[in-house]
Amino acid sequence: MPKSFHQKLNILSLMRAFMERTDENHPMTVQDMLSYLNGLGISVERKTIYDDIETLRTFGMDILNRRERPSGFYLADRNFELAELKLLVDAVQSSRFITARKSRQLIQKLESLTSIHQAKELQRQVLVEGRVKTMNESIYYNIDEIHNAISHDRQISFQYYEWTVSKEMRLKKNGERYRISPWKMLWKDDNYYLMGVDEKSGLVKHYRVDKMLKITMEQESRNGAQVFENFDTARFASGTFGMFGGREETVCLEFENRLVGVMIDRFGQEIMIMRKDENHSTTLIHVNVSSQFFGWLAGFGSGVTVVSPERVRRDYRDFLRKALENYEGKENDG
């Protein structure tokens with residue numbers, strides 16, 4: 001082969017060595033590089049190594065020469081710092097919607113962005129305890145297909161499933177395809193949701209992306225531009241508990257002042273908080289009233305009270321009364 005080809009092969013192999021095998025704590029000496037290249041069947045002189053390093057520096061690689069032990073040359077700057085990769089690995093591992101198999105594949109790709117030595121630190125990252133992974137491997141393609149439809153201003157159709165008590169997937173509406181104008185993708189409660197206009201009812205609805213099957217981009221253009229032009233997605237997300245639907249209400253809550261952080265975390269810093277007395281305050285929130293909302297309220301016991309409207313107070317009392325009926329007249333034999 002021509003000499004120029006071998007020279008290109010030398011420098012490309014050396015570049016890979018710097019990317020895969022070096023970091024600040026694991027530099028390579030010139031002798032290390034010669035041994036590495038010899039292992040690949042490449043024979044070069046020491047002077048060639050120095051020349052190739054300078055060429056790689058001119059190309060833009062931040063290669064430094066460490067004088068103290070361990071001494072040698074290493075790649076000092078990468079697209080991602082180790083701390084950033086750890087953050088990404090944690091996000092992948094803790095994400096519920098990414099399957100276990102896909103998580104392993106993504107983490108392997110993230111490991112390739114640093115040295116083999118630092119990659120071991122990524123492998124030691126701790127999984128989130130008890131995190132249940134989704135089993136729908138097609139979710140990645142679902143997300144891509146939905147974004148394609150949004151960017152092309154097209155409607156989509158799909159099938160939607162639910163789980164039975166026997167842990168089997170069952171298509172809703174007997175397999176009838178849903179027809180939606182997609183507008184927003186929302187990350188909520190460790191799940192991806194599609195928000196759009198249902199073509200049959202004309203209402204804004206949301207769907208779990210991992211429960212959507214056989215998505216097809218249709219020829220028809222989307223409807224609902226006026227609806228979503230000023231649609232407050234953040235308000236919708238904060239007021240929807242567990243992404244379950246319900247009638248939208250403006251609810252006045254009275255809460256103990258120790259829970260002010262909980263209210264702000266849940267509904268945002270924009271909510272108006274009015275001090276009632278030394279220990280209590282009130283706020284107005286916009287929520288979709290549902291059993292999930294009532295369950296959230298019940299978790300605070302007497303710390304939070306529904307002040308108005310009266311129909312929500314009545315519904316909350318009924319919710320608590322029905323929950324209590326499960327325990328009335330039952331004695332604990334233990």
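Helix 11 (residues 291-298) lies across strand 9, strand 11 and strand 12 of the predicted model, with contact meaning heavy atoms within 4.5 Å. Its direction is at about 155 degrees to strand 11; axes are lines fitted to C-alpha atoms, for helices over the stretch in contact, and angles run from 0 to 180 degrees between N-to-C directions. Helix 12 (residues 310-325) also lies across strand 9, strand 11 and strand 12, running at about 140 degrees to strand 12. Helices (H or I, at least four residues) and strands (E, at least two) are DSSP runs, numbered from the N terminus.

The strands concerned belong to an open sheet of four strands in the order 10-11-9-12, with antiparallel pairing; two strands pair if DSSP finds at least two bridges between them. Strand 10 (273-275) and strand 12 (304-308) stand at the edges with a single partner strand each, so one side of each has no neighbour in the sheet. From one strand to the next, the twist averages 35 degrees. Strand 9 (residues 247-256) and strand 11 (residues 280-289) pair in the antiparallel sense over 10 bridges. Glutamate 249 has valine 287 in strand 11 as its bridge partner.

Helix 4 (residues 82-94) packs with helix 5 (residues 100-111) at an angle of about 175 degrees, and their axes are 10 Å apart. Helix 4 is therefore roughly antiparallel to helix 5, where angles under 35 degrees count as roughly parallel, over 145 as roughly antiparallel, 65 to 115 as roughly perpendicular and the rest as oblique. On helix 4, Leu85, Leu88, Val89, Val92 and Gln93 meet Ser103, Leu106, Ile107 and Leu110 of helix 5. The residues of this contact comprise seven nonpolar, two polar and no charged; Ala, Val, Leu, Ile, Met, Phe, Trp, Tyr, Cys and Pro count as nonpolar, Asp, Glu, Lys and Arg as charged, and the others, Gly among them, as polar.

In helix 2 (residues 30-39), the residues Val30, Met33, Leu34, Tyr36 and Leu37 are buried, that is, under 20% relative accessible area (1.4 Å probe, protein chains only). These residues lie on the same side of helix 2 because they cover an arc of only 165 degrees around the axis, taken from the directions from the helix axis to the C-beta atoms. Glycine 41, which follows helix 2, has a positive phi near 80 degrees.

The protein chain contains 12 helices and 12 strands, and buried residues make up 40% of its 334 residues.

Residues are numbered from 1 along each chain as its sequence is written, and side-chain values use heavy atoms, with hydrogens and water left out. As the model is predicted, local features need pLDDT of at least 70 and side-chain atom pairs count only at pLDDT 80 or more, whereas totals for chains, interfaces and linings use all residues.

Key
Buried < 20%, exposed > 50% of the residue type's maximum accessible area, 1.4 Å probe, protein only.
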